[in-house]
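This briefing accompanies the structure shown below. Please read the points that follow with the sequence and the coordinates at hand.

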Amino acid sequence: MRRTTRRLMRGLAVLSVLALGATACGGSDDDSADQKPVSAGDIQAALKKGGTVTVWAWEPTLKTVAADFEKKYPKVKINLVGERSGDKHYTALSNAISAEKGVPDIAQVEYFALGQYALTKGLTDLTPFGADKLKAKYTPGPWNAVSEGDKVYGLPMDSGPMALFYNKKVFDKYKVAVPTTWDEYVEAARKLHKADPKVYIAADAGDAGLTTSMLWQAGSRPYQVDGTKVKIDFADAGAKKYTDTWQKLIDEKLVAPIYGWTDDWYKGLGDGTIATLPSGAWMPANFVTGVPKASGDWRAAPLPAWTKGDKASAENGGSSLTVPELAKNKELAYAFVEYANAGDGVQTRIKQGAFPATTAELQSTEFQNTKFDYFGGQEANKIFADSAANVADDWSYLPFQQYANSIFNDTVGKAYISKTKLADALKSWQDASVKYGKEQGFTVE
Amino acid sequence: MTTLQPSAAVSRPPARPPSKRDRRSWTGWGFIGPFAVVFAFVFLAPIVYSIYLSVFRTQLIGGTTFVGLDNYQQALHDDQFWASLGRVSLFLAVQVPIMLGIALLIALALDSGRLYGKDFFRIAIFLPYAVPAVVATLMWGFMYGTRFGLVGDINEAFGVTLPDPLSTDLVLASIGNIVTWEFVGYNMLIFYSALRVIPNSLYEAAEIDGAGQIRVITAIKLPAIRGALVIATIFSIIGSFQLFNEPNILRPLARNAITTDYTPNFFTYSLSFNGQQHNYSAAVAIIMGLITMVIAYAVQLRGMRKGA
């Protein structure tokens, strides 16, 4: 008995050494700082030679784009792996990158999450491929989100300049004017809820994307990022504007405690219990597929202003296509990214309802005159394009925004379900983010 | 010790003692080898790897460094960890007795032989266990909804306002309800099988002595299935400490109530996959594993002592 135990221990020791050895090999630091420029000729040659490009993206219009691309370059096969979105997408991507295995050639990455991947050297700097020359094509907000200094980590695919979607039927029924400022918004919320206690001005149970966008519009700049130096502060004047207004909505129970993208949420958007939705310009396609029965009820309006007449807007959502550092076929990958986000693919995607990040398309009359059947024939793109032009481009997300957003409801969520004030709740989000930043080796103030 | 005796008897009489010992040990490994290999790679290697991970720290800035037991120290002082452990302990203290109590009552009722349609009930009660936890949670999640779900429909139909099962105060109880629904049948089956193997002669003896049904239960049935009770309790303790699926799937419906550190398992998951803190996550997981082992072992010792 005793002898077997000892042998078992010896086996264990051998095994642990093996495990140590295996992982020690895995954690190599490869340095690819100096990349040679890739000429247009190199890319053409790669396209001629052909190969397979694996794309991890959920954007639905990419299917057509990939088919067109394959038709144009018959030797290239685009392998679209989609339908995985949100947390699961990033979990899979992070795992693949840290395992150094199964990394796709192209990954869709939302603007808020891009910083984290760029920082950990997970993404290829596309400057040597000539991506920096495309700067003039894009609106400043999305371009600012994909570039850092003279490095470009992806090409903007779409953007989410904000607008206020509102249920015209509900507003007409109770004869309430569509708000143009946030003060009017609170007033409208009271009127609607008084007229029918089932009606709420909006559904908000705590959403990191909405909160950061609202802060952005209000002129708050909570995140100051300079390389690895980070400052987090939710106490500026802009933030106060937002918390004061939103606190009223929460205190008076004027926002429905419904979480976004749930069945309750779709139901509320459909049956008139949720009267407005401040969201990005990519929302219409989701209305069409998610809330079909309310077709004709909804309209788009400019996002309410903080002071009357002010046109400042903000982005909500939006994503880019990036080429991971460990991608196998970078030339081909870049060729597809450029085709989809700067070339012919843009038109293909707009025709299917995507909202572009390219200035030329945004300003084209064809685009601006598009009538949305869902919005009762409204030319909603005019509102979105106007919003896109008024997005301040000095906003930055945290280099670890993906993590910060994941703990948003742990901290800021308190303001929605207890007596905690929104301003205090933001402070605890700040504290938790600062703690994480320090643990991860950032210099945090 | 006793197992060595027969094997020694089977082997040929030894000519040279040392060689005999060698031969015996290698033949043994031949039999146990396939199992040992699987065991080593599937059970031991992940544990060893977790321990290895837990003594390092990888940062977004600065890469990987050896930190010794720092991660463990941090975990032991982490309020989030202790809060999540407290939550599952509370869950354990309330849900497990209720679940096992119901399971035991049903098992005794089925075993009494006084029910019609015994087979039907046995299968019907066991059925929820066959439903995957994910599906079960989604299903209950729909029922819990105060707007879209069953609770909402009841509110609307009867003009009442039922408490929201997904509110901060009630969500733990709601999870308890799901887990109870899922596992009553499973535990019932363990108890029922244990009850079926009690020799009939005991019952006959009890009848001759004039014992009533209650007396039969307390004096014969319960002592006879003590082993099964202890096993079910240990499984339930481990299950409670590992609580993950239910809160994870309900979370989209109640993000503010179910935090990312709701249970220890959920906490380690969030650390690893939202925060990329694999090392710290490994340390927390190992501490949690140790705590679970100690408590399960204590229950086993305590449960078996009186029976011996």
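N341(A) is in contact (heavy atoms within 4.5 Å) with Y138(A), L155(A), P156(A), M157(A), L321(A), V346(A), R349(A) and T358(A), once its neighbours within four places in sequence are left aside. The structure is a predicted model, in which local features need pLDDT of at least 70 and side-chain atom pairs count only at pLDDT 80 or more, while totals for chains, interfaces and linings use all residues. Residues are numbered from 1 along each chain as its sequence is written, chains are lettered from A and ligands numbered from 1 in the order in which they are written, and side-chain values use heavy atoms, with hydrogens and water left out.

- N341(A) belongs to helix α13 (residues 330-341) of chain A; helices (H or I, at least four residues) and strands (E, at least two) are DSSP runs, numbered from the N terminus.
- With a relative accessible area of 2%, N341(A) is buried; buried means under 20% relative accessible area, exposed over 50%, and partly exposed in between (1.4 Å probe, protein chains only).
- The backbone oxygen of P156(A) is reached by the side chain of N341(A) at 3.5 Å.
- L277(A) is part of strand β12 (residues 276-280) of chain A and is buried, at 9% relative accessibility.
- Beyond four places in sequence, the contacts of L277(A) are A163(A), L164(A), F165(A), W265(A), L269(A), M283(A), F287(A) and W298(A).
- Between L277(A) and I201(A) there are 8.2 Å from C-alpha to C-alpha, although the two are 76 residues apart in sequence.

**Salt bridges**

- Over all chains, a search of the whole structure finds 20 salt bridges, each a side-chain nitrogen of Lys or Arg within 4 Å of a carboxyl oxygen of Asp or Glu.
- One of these joins the side chains of D244(A) and K240(A) at 2.9 Å, N to O.
- Both D244(A) and K240(A) lie in helix α10 (residues 237-251) of chain A, four residues apart, which is about one turn of the helix; D244(A) is partly exposed at 38%.
- K421(A) and D251(A) form a salt bridge through their side chains at 3.5 Å, N to O.
- K421(A) lies in the loop between α20 (413-417) and α21 (422-439) of chain A and D251(A) in helix α10, so this pair ties together parts that are 170 residues apart in sequence.
- K421(A) is partly exposed, with a relative accessible area of 38%, and D251(A) is also partly exposed, at 45%.
- The side chains of K371(A) and E379(A) form a salt bridge at 3.5 Å, N to O; K371(A) is exposed at 56%, whereas E379(A) is partly exposed at 25%.
- A network of salt bridges links E187(A), R190(A) and E252(A).

**Positive phi angles**

- Most residues other than glycine have a negative phi.
- K175(A), which is not a glycine, has a positive phi near 50 degrees; K175(A) lies in the loop between α7 (168-173) and α8 (182-195) of chain A and is exposed, at 74%.
- W261(A), likewise not a glycine, has a positive phi of about 65 degrees; W261(A) lies in the loop between β11 (255-256) and α11 (263-271) of chain A and is partly exposed, at 44%.

**Domains of chain A**

- Chain A is divided into domain 1 (38-158 + 317-356) and domain 2 (161-313 + 371-442), with bounds from an automatic or database domain assignment.
- Taken over C-alpha atoms, the centres of domain 1 and domain 2 of chain A are separated by 28 Å.
- The contact between them takes 14 residues from domain 1 of chain A and 17 residues from domain 2 of chain A.

**Annotations on chain B**

- An unreviewed UniProt entry assigns "domain: ABC transmembrane type-1" to residues 85-299 of chain B; UniProt positions are given in the numbering used here, feature names are shortened, and annotations may be inferred rather than shown by experiment.
- Residues 85-299 of chain B are 76% helix and 0% strand, and their end C-alpha atoms lie 18 Å apart.
- For "transmembrane region", UniProt (unreviewed entry) lists residues of chain B including 170-192 and 224-244.
- Residues 170-192 of chain B are 96% helix and 0% strand, with end C-alpha atoms 32 Å apart.
- Residues 224-244 of chain B are 81% helix and 0% strand, with end C-alpha atoms 34 Å apart.

**Confidence**

- The predictor gives the complex an ipTM of 0.81 and a pTM of 0.83.
- Where pLDDT is low, the predicted coordinates should not be read in detail.

How values were computed
Polar contact = N/O pair within 3.5 Å; in protein donor to acceptor, adjacent residues only side chain to side chain.
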